[in-house]
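Please read the following report with the sequence and the coordinates open beside it.

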Amino acid sequence: MSACENSGGCGSEVVDPGRRDVLKFLAVGATMATGAACDLEGFFRKSFRELSPADVRRMTTGWERKYTRKYGKTVTVSEVGPMDGVKFGYGLDLSRCIGCRRCVYACVEENNQSRKEPQIQWIRVLEMDKAHGVDLNHSDIYYDAATVPQPGKFYMPIQCQQCDDPPCVKTCPVGATWKEKDGIVVIDYDWCIGCRCCMSACPYGARHFNWAEPSLPAQEMNPKTHVLGNRPRPKGVVEKCTFCIQRTREGLYPACVEVCPVGARKFGNLLDPESEIRQAMDTKRVFILKEDLATHPSFFYFYAT
Amino acid sequence: MLWMAAALALTLSSAGVIGTAIPPTQVVKVQKKEKLIEAEKPPFTEGIFPCSQCHNLKVNGKVNPTRRELQFHDEIQSDFHHDSENRWCLDCHDANNRDVLHLTSGAAVPFTESYKLCGQCHGDKYRDWKRGVHGKRVGQWNGEKTYFLCVNCHNPHSPRFKSLKPLPPPIRPSDMNRGKR
Ligand code: SF4
Ligand code: SF4
């Protein structure tokens, strides 16, 4: 049904913009009552995981057409699934990160996040005191020094930890978010009702809400998208890091890994002992964030020196 | 109202079966790709290589191996911070063939393999770099990739990282207009 809203001209204007999208179906009801031709199939479709591959393809082809029209460039919406024998893992070298935020903006561009109002950034970089060590209560994400790193400070980027026991998935009342075989926790943007239970359940602040229609300038839109990843989101849904699902399922490194100027970011297959992530885990001092919560993240912080 | 009830029923009934559903995205079989690894090119100043364009034994005669202040390569000499107290050009650059480097053993090393030279002192970094833990690779995590040489990130004459200007901090929620634009 969000597909319906996106296409415009569907009569979605009838909805009071201040209302929660949990009432979306009202809008559709109103739309249909006024007799406008709309994407009924999108509204009445089954949950993503109950669809046949053919149904999914039909759906993604529809989006491809719609986004291509909307953004004025050829947009692809991939639905490629997890690879056999692959479980993704991510490593972040705290002894290297200098807090430059290159990763933040590379992620925004790659993943079509809303630029402003609402501004959505899946990666947050925390500045902390070396003297205190990892102490989230005394961290600052708004640091704005002329240059980094600042003396006496260290930097800790945080994004979705792709937990093996994800509290967000457990809490979602409609099953709009789940964990895929390769370890990526995904969201079906059309199934999400925008209740934000998952946001309050996530101990890492990794989930972000589209309070308004996302602002995504057409010329900046990344046309290579995945249905469970960086395809344009409607207003009123939750989104988060997907390990760049549209890249990593094609074998590419995530965008943040490639942009980091100090090589602090490592990515690979946890089931392959030769992978960079496994090499880091096997040879360095590693920790996971908020281990006591037993979320079992696939994201590992380490110190290479 | 009827629509609302229908939609609600739909939402609830679908929610009930989620736990047992199978993802429709099919699992992709991957053959282990041939690991093609190539390196970035050494970052020469344009037009500077081959060095023998100027450092030509046939033209210039004998090499003077004594450590001294040179009358050329000013920008390198003025920003030389790599154990500058104890070292100078010919500790790494080969006296007799300026188009290559040399190890302490005297063995020649091409510029494309300068990591062997760096690894003589920085053995722990060299070891980590070979494993992919130090440094950076781009391309495919499961196949073809390009790795960066030590000198693609570190200026060999002044290897410490220069500090950077950070990109802008996020907008504070209090400064963000949440509802309307
Ligand atoms: S790009 Fe790299 S160094 Fe810069 S903040 Fe991100 S992880 Fe840290
Ligand atoms: S906001 Fe979160 S918990 Fe609520 S429906 Fe969407 S994904 Fe599920």
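In this predicted model, Gly91(A) has Phe300(A) of strand β12(A) as its bridge partner, and the two strands concerned, β2(A) and β12(A) (residues 299–303), run parallel to one another over four bridges. Strand β2(A) also pairs with β10(A) (residues 265–269), here in the antiparallel sense and over five bridges, with Tyr90(A) standing opposite Phe267(A). How many of the six residues of β2(A) are buried? Six of the six residues in this strand, which covers residues 88–93, are buried. Phe88(A), Tyr90(A) and Leu92(A) point one way from the strand, while Gly89(A), Gly91(A) and Asp93(A) point the other way, and all are buried.

Helix α4(A), which spans residues 53–71 and has 19 residues, reaches 26 Å from its first C-alpha to its last, a value close to the 27 Å expected at 1.5 Å a residue. Its buried residues include Val56(A), Met59(A), Trp63(A), Tyr67(A) and Tyr71(A), and also Glu64(A) and Lys66(A). Just after this helix, Gly72(A) adopts a positive phi of about 65 degrees.

Two ligands have their surroundings described here. Around ligand 1 are Cys97(A), Ile98(A), Gly99(A), Cys100(A), Arg101(A), Arg102(A), Cys103(A), Pro157(A), Cys260(A), Pro261(A), Val262(A) and Arg265(A); by class, this shell has eight nonpolar, one polar and three charged residues. The surroundings of ligand 2 include Cys172(A), Pro173(A) and Val174(A), together with the run Cys192(A), Ile193(A), Gly194(A), Cys195(A), Arg196(A), Cys197(A) and Cys198(A), and also Arg207(A) and Val238(A). The shell around ligand 2 divides into nine nonpolar, one polar and two charged residues.

Arg196(A), one of the residues around ligand 2, has a phi near 70 degrees, which is a positive value in a residue other than glycine. This arginine lies in the loop between β6(A) (185–187) and α7(A) (197–201). Is Arg196(A) buried or partly exposed? With a relative accessible area of 24%, Arg196(A) is partly exposed. In chain B, His73(B) likewise has a positive phi, near 50 degrees, and is found in the loop between α2(B) and α3(B) (74–78); at 29% relative accessibility, His73(B) also counts as partly exposed.

As for confidence, the model scores ipTM 0.84 and pTM 0.82. The mean pLDDT of chain B is 79, with 77% of its residues reaching 70 or more. Over residues 1–34 of chain B, however, the pLDDT is below 50, although this stretch has 53 contacts in the model beyond near neighbours in sequence. Where pLDDT is low, predicted coordinates should not be read in detail.

Definitions and conventions
Residues numbered from 1 in each chain as written. Chains lettered and ligands numbered in written order. Predicted model: local features only at pLDDT ≥ 70, side-chain atom pairs only at ≥ 80, totals over all residues. Heavy atoms only, no water. Near = heavy atom within 4 Å. Nonpolar A, V, L, I, M, F, W, Y, C, P; charged D, E, K, R; others polar. Expected span 1.5 Å × (residues − 1). Buried < 20%, exposed > 50% of the residue type's maximum accessible area, 1.4 Å probe, protein only. pLDDT = per-residue confidence, 0-100. Contact = heavy atoms within 4.5 Å. Pairing = 2+ DSSP bridges.
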